Amino acid sequence: MSQSLAAFNAFGAEQFSAMVCQQAPYFSTIAPELVELKPTYAEARMPFRKEITNHIGTVHAIAMCNAAELVAGLMTDASIPAGSRWIPQGMTVQYLAKAKTGLRAVADGSDVDWDSPGEKVVPVTLYDEAEQAVFTAAITMNVKAE
């Protein structure tokens with residue numbers, strides 16, 4: 001079991017979210033609230049706050065990228081074989097609709113082959129409070145066996 005998954009299970013969602021933001025302070029800019037973390041799946045909420053809006057009052061594109069990288073990274077960490085390591089290598093995004101509410105970020109890696117090293121493309125979708133998809137990302141993770 002990954003250290004991230006073990007910590008999530010041991011400390012709970014709220015405390016683990018705070019720990020992630022201490023370890024990687026940039027994530028604190030979106031005030032994430034991790035909801036679920038398990039192999040092949042991670043989900044977090046990002047509350048709507050003025051601090052993450054753009055000039056038209058919607059959630060800024062980079063705030064959505066930040067949420068996508070958070071759930072993709074945590075899900076990857078929970079999914080790779082013991083002793084492996086990973087690093088994000090690239091991200092392709094699509095903005096589907098204006099994000100005017102808090103968001104839910106979901107990384108679903110159930111269709112990814114986690115048993116071998118190499119490039120893994122992690123799909124992430126962000127949903128608004130009406131469950132409309134407002135953003136998608138395909139994040140390429142470089143997984144290496146140690």
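A residue is called buried when its relative accessible area is under 20%, exposed when that area is over 50%, and partly exposed in between, as computed with a 1.4 Å probe on protein chains only. The model toured here is predicted, so local features need pLDDT of at least 70 and side-chain atom pairs count only at pLDDT 80 or more, while totals for chains, interfaces and linings use all residues. Residues are numbered from 1 along each chain as its sequence is written, and side-chain values use heavy atoms, with hydrogens and water left out.

Select E36 to begin; E36 is found in strand β1, strands being DSSP runs of E with at least two residues and helices runs of H or I with at least four, numbered from the N terminus. With a relative accessible area of 29%, E36 is partly exposed. Leaving aside neighbours within four places in sequence, E36 is in contact (heavy atoms within 4.5 Å) with F8, Y41, A42 and E43. Of these, F8 is 28 residues away in sequence, and its C-alpha lies 8.6 Å from that of E36.

Next, select strand β4 (residues 103-108), where five of the six residues are buried. Strands count as paired if DSSP finds at least two bridges between them; β4 pairs with β2 (residues 41-46) in the antiparallel sense over six bridges, and M46 has L103 as its bridge partner. Strand β5 (residues 118-127) also runs antiparallel to β4, joined to it by four bridges, with R104 opposite Y127.

Grid points are joined across faces, edges and corners, and a volume is the space filled by probe spheres set on the points.

Show S17, V20, P32, E33, L34, A44, L70 and L74, which line the largest cavity, whose volume is about 40 Å³. The elements giving two or more residues to this lining are α2 (13-23), β1 (33-38) and α3 (61-79).

The largest pocket, of about 300 Å³, has 15 lining residues, with S4, F16, V20, Q23 and L74 lying nearest its centre. Helix α3 gives the most to that lining, with five residues.

Finish at the second largest pocket, of about 220 Å³, whose lining includes M1, D77 and S84; α3 supplies the largest share, three residues.

Notes. On a 1 Å grid over the protein atoms alone, a cavity is a set of points where a 1.4 Å probe fits but cannot get out, and a pocket is an open set with protein on both sides within 12 Å along at least five of seven lines; lining residues have an atom within 4 Å of a point.
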